[in-house]
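Please read it with the structure open.

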Amino acid sequence: MPETVQESGADGVAADAEEQLTEGGSRNGEGDRASSSEDLLVREGDIAGDYLEQLLDLVDYDGDIDLDVEAGRAVVSIEGGDDLEKLVGPRGNVLESLQELTRLAVQQETGTRSRLMLDIAGWRADRREELADLGRATAERVLAEGEKIRLQPMTPFERKVVHDAVAQIDGVHSESEGEDPRRRVVVFPKP
């Protein structure tokens with residue numbers, strides 16, 4: 001990152017201003033907060049990667065772990081071996097459980113609650129596309145028929161994807177109803 005270089009004036013104001021500038025070039029610690037937030041997310045990813053690597057070793061599965069930061073959260077993906085689908089389970093149930101265990105491992109190390117997202121064998125990416133299609137198709141059907149439609153119960157991840165897809169269609173809106181694990185999306189025509 002570029003550093004700020006200034007000559008100090010007789011009153012030392014330029015030197016003080018330089019000391020207040022962070023590496024990101026902002027004042028009052030804003031860059032420090034953004035940088036420390038990014039650093040925490042990278043650290044979360046590293047902790048999660050180590051935890052998941054140990055898990056893969058225990059079950060003797062092959063897989064490559066990829067760490068990233070997207071939309072203010074650490075994202076950990078495991079790609080590779082043929083056995084990985086067993087770590088996804090039916091409808092992603094095992095994946096959801098592994099994500100929670102990984103979040104707890106991260107929380108134990110960092111002392112803060114993690115919003116880490118785990119994907120295995122591209123399951124979440126594929127599911128996101130499938131759910132976005134379902135949300136759009138349901139919204140179009142509600143527009144055509146003028147009646148609300150209740151979808152099957154979904155996880156929070158799944159509901160968010162459907163809500164986002166429905167929000168892109170004019171003339172409809174969606175809400176969640178019920179309690180987990182039976183919480184579902186309902187798509188309504190706008191009055």
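Contact here means heavy atoms within 4.5 Å, and a residue is called buried when its relative accessible area is under 20%. The model is predicted. The protein has five helices and six strands, which follow one another from the N terminus as α-α-β-β-α-β-α-β-α-β-β.

**Overall make-up**

- Of the 191 residues in the protein, 37% are buried.
- The exposed surface comes to about 11,900 Å², and carbon and sulfur atoms supply 46% of that area.
- Among contacts between residues at least 6 apart in sequence, 53% join residues at least 24 apart.

**Helix 4**

- Helix 4 covers residues 123–145.
- Its 23 residues should span 33 Å at 1.5 Å a residue, and because the end C-alpha atoms are 32 Å apart, the two values agree.
- The buried residues of helix 4 are Trp123, Arg124, Arg127, Leu131, Ala132, Gly135, Thr138, Ala139 and Val142.
- The cover over these buried residues includes helix 3, strand 3, strand 4 (149–153), helix 5, strand 5 (172–177) and strand 6 (184–189).
- Within helix 4, Glu145 and Arg141 lie four residues apart, about one turn of the helix, and their side chains meet in a salt bridge with an N to O distance of 3.3 Å.
- Both partners are partly exposed: Glu145 has a relative accessible area of 47%, and Arg141 has one of 46%.
- Gly146 follows helix 4 and has a positive phi, near 75°.

**Helix 5**

- Helix 5 spans residues 156–167.
- From its first C-alpha to its last, this 12-residue helix reaches 16 Å, close to the 16 Å expected at 1.5 Å a residue.
- Phe157, Glu158, Arg159, Val161, Val162, Ala165 and Val166 are the buried residues of helix 5.
- Among the elements that cover them are helix 3, strand 3, helix 4, strand 4, strand 5 and strand 6.

**Other salt bridges**

- The structure holds 12 salt bridges.
- Side chains of opposite charge can pair when their charged atoms come close.
- Arg91 forms a salt bridge with Glu158, with the closest N and O atoms 3.6 Å apart.
- Arg91 lies in the loop between strand 2 (73–79) and helix 3, and Glu158 in helix 5, so this pair ties together parts that are 67 residues apart in sequence.
- Glu158 counts as buried because its relative accessibility is 2%, and buried means under 20%.
- Arg91 and Glu158 also belong to a network of salt bridges with Arg127 and Glu130.
- In another salt bridge, Arg113 pairs with Glu100, the closest N and O atoms being 3.5 Å apart.
- Arg113 is in the loop between helix 3 and strand 3 (117–120) and Glu100 is in helix 3, so the pair ties together parts that are 13 residues apart in sequence.
- Glu100 is partly exposed, at a relative accessible area of 32%.

**Strands 1 and 2**

- Strand 1 (residues 64–70) and strand 2 run antiparallel and are joined by seven bridges.
- Asp64 stands opposite Glu79 in strand 2.
- The two strands form a hairpin with two residues between them, and Ala71 in the turn has a positive phi of about 50°.

**Gly49 in helix 2**

- Gly49 is found in helix 2 (residues 30–59).
- With a relative accessible area of 7%, Gly49 is buried.
- Not counting residues up to four places away in sequence, Gly49 touches Ile65 and Leu67.
- The C-alpha atoms of Gly49 and Ile78 are separated by 9.1 Å, and the two residues are 29 apart along the chain.

**Thr110 in helix 3**

- Thr110 is found in helix 3, which covers residues 93–110.
- At 18% relative accessibility, Thr110 counts as buried, since the cut-off is under 20%.
- A polar atom of the Thr110 side chain lies 3.2 Å from the backbone nitrogen of Thr112.
- Leaving aside neighbours within four places in sequence, Thr110 is in contact with Leu40, Arg43 and Ile47.

Technical notes. Residues numbered from 1 in each chain as written. Predicted model: local features only at pLDDT ≥ 70, side-chain atom pairs only at ≥ 80, totals over all residues. Heavy atoms only, no water. Buried < 20%, exposed > 50% of the residue type's maximum accessible area, 1.4 Å probe, protein only. Polar contact = N/O pair within 3.5 Å; in protein donor to acceptor, adjacent residues only side chain to side chain. Areas by Shrake-Rupley, 256 points an atom, 1.4 Å probe, with all protein chains shown as cover. Salt bridge = Lys/Arg side-chain N within 4 Å of Asp/Glu carboxyl O. Pairing = 2+ DSSP bridges. Expected span 1.5 Å × (residues − 1).
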